[in-house]
Amino acid sequence: MKLGNLVKVKTKHYGEQFGLIVGIDDGSKRYPVWRIRPFDHPRDIHADPKNVTVISETALCSPLSGANQ
């Protein structure tokens, strides 16, 4: 999984959410965390990789494409 992938995340309180991967923290091998920006909520989701499913490898609506140009 890479930044900008379209994913589905299983959350505790809101069920399944769709969003884009905007950050990956591999600093801790015991507890890696992926930051996902959902489409229908203003706050990012910090998810365990086992709760994330890739829907599309290349998301055309990625907020990261075109950044810093």
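Phe18, Phe39 and Ile55 make a nonpolar surface patch of about 300 Å². Patches are built from residues with over 30% relative accessible area and no salt bridge; like charges are joined within 9 Å, and nonpolar side chains (Val, Leu, Ile, Met, Phe, Trp, Tyr) within 5 Å. Accessible areas come from the Shrake-Rupley method with a 1.4 Å probe, and for residues only the protein chains shown count as cover. The model is predicted: local features need pLDDT of at least 70, side-chain atom pairs count only at pLDDT 80 or more, and totals for chains, interfaces and linings use all residues. Residues are numbered from 1 along each chain as its sequence is written, and side-chain values use heavy atoms, with hydrogens and water left out.

One member of the patch, Ile55, lies in strand E5 (residues 52-56). Strands (E, at least two residues) and helices (H or I, at least four) are DSSP runs, numbered from the N terminus. Ile55 has a relative accessible area of 44%, so Ile55 is partly exposed.

The strands form an open sheet. Five strands stand in the order E4-E3-E2-E1-E5, and their pairing is antiparallel. Strand E4 (45-47) and E5 stand at the edges; each has a single partner strand, so one side of each is left without a neighbour in the sheet. On average, neighbouring strands of this sheet are turned by 45° against each other, direction ignored. Such angles run from 0 to 180 degrees between N-to-C directions, and the axes are lines fitted to C-alpha atoms, for helices over the stretch in contact.

Two strands pair if DSSP finds at least two bridges between them. E1 and strand E2 (residues 15-25) run antiparallel and are joined by six bridges. The two form a hairpin, with three residues between them. Within this pair, Leu6 has Leu20 in E2 as its bridge partner. E2 also pairs with strand E3 (residues 33-38), in the antiparallel sense and over six bridges. Here the bridge partner of Leu20 is Arg37 in E3. Asp25 is bridged to Val33, again in E3.

Asn5 belongs to the segment before strand E1 (6-11). Is Asn5 buried or exposed? Its relative accessibility is 0%, so Asn5 counts as buried. Asn5 touches Gly19, Leu20, Ile21, Val54, Ser56 and Glu57, when residues up to four places away in sequence are not counted. Contact means heavy atoms within 4.5 Å.

How many salt bridges does the structure hold? There are four. A salt bridge is a side-chain nitrogen of Lys or Arg within 4 Å of a carboxyl oxygen of Asp or Glu. Asp44 forms one with Arg35, and the closest N and O atoms are 2.9 Å apart. Asp44 also meets Arg37 in a salt bridge (3.1 Å, N to O). At 25% relative accessibility, Asp44 is partly exposed. Arg35 has a relative accessible area of 31%, so Arg35 is partly exposed too. Another salt bridge joins the side chains of Asp48 and Lys50 (3.9 Å, N to O). Lys50 has a relative accessible area of 70%, so Lys50 is exposed. Through shared partners, salt bridges join Arg35, Arg37 and Asp44 into one network.

Arg37 of this network sits in strand E3. Its relative accessibility is 35%, so Arg37 counts as partly exposed. Apart from neighbours within four places in sequence, Arg37 is in contact with Gly19, Leu20, Val22 and Asp44. Arg37 and Gln17 are 20 residues apart along the chain, and their C-alpha atoms are separated by 9.6 Å.

Asp48 lies in the loop between E4 and E5. At 33% relative accessibility, Asp48 counts as partly exposed. Asp48 and Arg35 are 13 residues apart in sequence, and in space they are 9.1 Å apart, C-alpha to C-alpha.

Methods
Buried < 20%, exposed > 50% of the residue type's maximum accessible area, 1.4 Å probe, protein only.
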